[in-house]
Amino acid sequence: MKLIRYLILRVFLTVPALLGITLLIFSLIRFIPGDPARAILLTMFDPSTNLSDLEKDAEVLHKQLGLDQPFPVQYGSWLWKIVRGDLGVSFRSKTPILDELLHRFPATLELAGAALLIMLVIAIPSGIAGAIYHRKAVDHATRVIALIGVSVPSFFLGLVLMYILSVKLGWLPTMGRGGSDHLILPALTLGIGLSSVTARLLRTSLLQVFSQRYIILAEAKGLHWRTILFKHALPNALLPVLTSFGLVIGGLIGGTVIIETVFSWPGVGRYVVDAITGRDYPVIQAFALLMAVVYIVLNLAVDVIYRWLDPRVRLEQEGQHG
């Protein structure tokens, strides 16, 4: 029951945050230099069209889009549509944005899931090896690799992997979405970058746990090191890593947009990049709002799971409320 009350309280506290995010997103889009109506017409500009006719068409389209209304009216109308589940219509394709996002979301979800799996496969063994062989050659190697993974931009890493594994060796296809072989390159590019941060955090957390008294006592009792690691140390060391998943998800969201463009992956990210180049403001607003909601929901889930897994957090919060 206490966990349910905590969840309800956290959901209630996210409402003002969501309202602030909607206001910020709507304001930033409206303050971008340039007129959306003119930008739309310029994408369909015919050189034979008279410039005076173009200005007249821009004024008509400006009114049709409601851009001539006061800012509070525009914001209120947009927010009311959001509440009803209407994300608007794309300026360019004239199709509902929600339908477009739902059509492309499975591809993005597939890429994100594969990247997270690769991240865990790389990060957990690397973090454990770095902690066990602290200040030895293995530890130094994992730290250098992690530093390179954090420093190298994802798009550059993607191009390097594409050149080596596709162009030179011919093992994998370069672009598009098809079988599982098409997924390997973009997922590997995302996973390597994410694993670097997680591996370093897990290594640091394990080193702190290894210095705790209950670990020293377990070693004094003669327990096997595998038992100490996987039964006593690793479960406690993973708790701080769990809290960092909010940052991991943020990096995954931003990285997906770039990687989908590099590898021509037909997901939400590529759709949004096309919208940005074409100044399709409703699509940009809808994507920013959707990602903010996903980020808040997943962080809320991480906080609740952390509170449920770690009794110390429950005791501290109950003591504060008591």
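**Exercise 1.** In this predicted model, which helix holds the place of P106, and is P106 buried, exposed or partly exposed?

*Solution.* Step 1: P106 lies in helix α5, which covers residues 97-132. Step 2: the relative accessible area of P106 is 43%. Step 3: buried means under 20% and exposed means over 50%, so P106 is partly exposed.

**Exercise 2.** State how far apart P106 and V268 are in sequence and in space.

*Solution.* Step 1: in sequence, 162 residues separate P106 and V268. Step 2: in space, their C-alpha atoms are 8.9 Å apart.

**Exercise 3.** Describe the aromatic pair of the structure.

*Solution.* Step 1: the structure has 1 such pair, and its rings belong to Y75 and W78. Step 2: the ring centres are 6.4 Å apart and the planes stand at 45°, so the pair is tilted. Step 3: both residues sit in helix α4 (residues 71-83), 3 residues apart, which means a separation of about one helical turn. Step 4: Y75 is buried at 15% relative accessibility, and W78 is buried at 9%.

**Exercise 4.** Describe how helices α7 and α8 pack.

*Solution.* Step 1: α7 spans residues 154-168 and α8 spans residues 180-210. Step 2: the angle between them is about 135°, and their axes are 9 Å apart. Step 3: α7 is therefore oblique to α8. Step 4: their crossing is right-handed. Step 5: on the α7 side the contact includes L157, L161 and L165, and on the α8 side it includes L185, L188 and I192. Step 6: sorted by class, this contact has 7 nonpolar residues, 4 polar residues and no charged residues.

Note on methods. Residues numbered from 1 in each chain as written. Predicted model: local features only at pLDDT ≥ 70, side-chain atom pairs only at ≥ 80, totals over all residues. Heavy atoms only, no water. Axes fitted to C-alpha atoms, helices over the stretch in contact; angles between N-to-C directions. Helix = DSSP H or I, 4+ residues; strand = E, 2+ residues; numbered from the N terminus. Parallel < 35°, antiparallel > 145°, perpendicular 65-115°, else oblique. Left-handed = near helix turned anticlockwise from the far one by under 90°. Contact = heavy atoms within 4.5 Å. Nonpolar A, V, L, I, M, F, W, Y, C, P; charged D, E, K, R; others polar. Buried < 20%, exposed > 50% of the residue type's maximum accessible area, 1.4 Å probe, protein only. Phe/Tyr/Trp six-rings, centres within 6.5 Å; stacked < 30°, edge-to-face > 60°.
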